[in-house]
Amino acid sequence: MRYVLHLVALFLLTTTCVAAQSADTLWAAWLRGQRAAWRDWEQLSVEVEGHHVIDAPYGVRRVRFIVEAHITPERMERRVRLLEVDGRVMPTEAFPRMVRPKPRWLEPLLDHWPPFRLLAGLRPWGPAVADSVDRVACWRFDLQPPGRPPIERITLWFARDDGRLVQSRLLLRGPRMPVPARLQTRFARIEGRDLPVHRRLTWLHPVRRRMRRYTLLITQELFYRDYRFEPAGIP
């Protein structure tokens with residue numbers, strides 16, 4: 001019996017060591033693959049459908065929008081095709097005002113293309129742990145935070161069969177935020193590139209209105225579809 005327990009303990013220890021080593025290996029392989037896949041891109045177009053919900057003491061406002069985004073290595077351009085507020089169609093010019101409030105420091109995180117560039121300078125922090133996302137067998141590990149706001153924690157899930165990025169979760173804290181915002185992203189591999197297909201961002205926003213202070217609960221969901229890689233200059 002003691003011999004069996006010894007073998008079990010040795011197996012668990014060996015598995016833990018392998019997982020701890022595999023985090024660095026998996027991370028380095030994924031970065032190499034993404035750099036190679038994105039090397040020659042010129043322009044990317046994608047349709048984004050968003051649902052922006054503001055839950056306040058005085059009621060709930062629901063905003064739905066559809067945006068066509070054209071992305072190059074230098075810039076991102078958006079064309080708002082539809083804007084609805086509580087089911088009513090609104091002029092698209094009102095889009096910036098209707099999706100507020102949004103912390104300005106969040107926008108660079110959402111607009112980072114290619115996606116891997118946001119994390120390229122970081123390293124795994126701790127071992128890889130067996131996990132799953134919607135029945136997809138994964139390795140999960142954290143990246144060491146950059147040590148400056150707003151990112152407090154980064155957790156990634158990679159598929160065990162081919163090493164693709166399945167999901168990321170970022171905890172973010174900006175100025176005067178008692179509770180960190182949570183940004184969770186699901187990815188799909190398209191032409192060798194791991195691209196977001198769904199994002200859910202939740203945060204609390206303190207406001208003052210009529211001499212009263214209260215907090216808004218804001219949730220934004222983004223659905224990405226119809227990715228197209230094109231030569232530069234196509235409108």
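**Close-up 1. Strand 5 and strand 6 form a hairpin with two residues between them.** Asp134, in the turn, has a positive phi of about 50°. The two strands, residues 124-133 and residues 136-143, run antiparallel and are joined by seven bridges. Strands, here and below, are DSSP runs (E, at least two residues), numbered from the N terminus. Two of them count as paired if DSSP finds at least two bridges between them. The model is predicted: local features need pLDDT of at least 70 and side-chain atom pairs count only at pLDDT 80 or more, while totals for chains, interfaces and linings use all residues. Residues are numbered from 1 along each chain as its sequence is written, and side-chain values use heavy atoms, with hydrogens and water left out.

**Close-up 2. Glu47 and Arg225 meet through their side chains in a salt bridge.** The N to O distance is 2.5 Å. A salt bridge is a side-chain nitrogen of Lys or Arg within 4 Å of a carboxyl oxygen of Asp or Glu. This pair links distant parts of the chain, with Glu47 in strand 1 (residues 43-56) and Arg225 in strand 11 (residues 212-230), 178 residues apart. Buried means under 20% relative accessible area, exposed means over 50%, and partly exposed lies in between (1.4 Å probe, protein chains only). Glu47 is buried, at 15%, whereas Arg225 is partly exposed, at 32%.

**Close-up 3. Arg225 also meets the side chain of Glu49 in a salt bridge.** Here the N to O distance is 2.9 Å. Glu49 lies in strand 1 and Arg225 in strand 11, 176 residues apart, and the pair again links distant parts of the chain. Glu49 is buried, with a relative accessible area of 11%. Side chains of opposite charge can pair when their charged atoms come close.

**Close-up 4. Arg228 and Asp226 form a salt bridge between their side chains.** The distance from N to O is 2.8 Å. Arg228 is partly exposed, with a relative accessible area of 24%, and Asp226 is partly exposed, at 49%. Salt bridges that share partners join Arg228 and Asp226 into one network with other residues, including Glu47, Glu49 and Arg225. Other members of the network include Arg64, Glu68, Arg81, Glu84 and Glu230. The count of salt bridges comes to 19.

Conventions: Helices (H or I, at least four residues) and strands (E, at least two) are DSSP runs, numbered from the N terminus.
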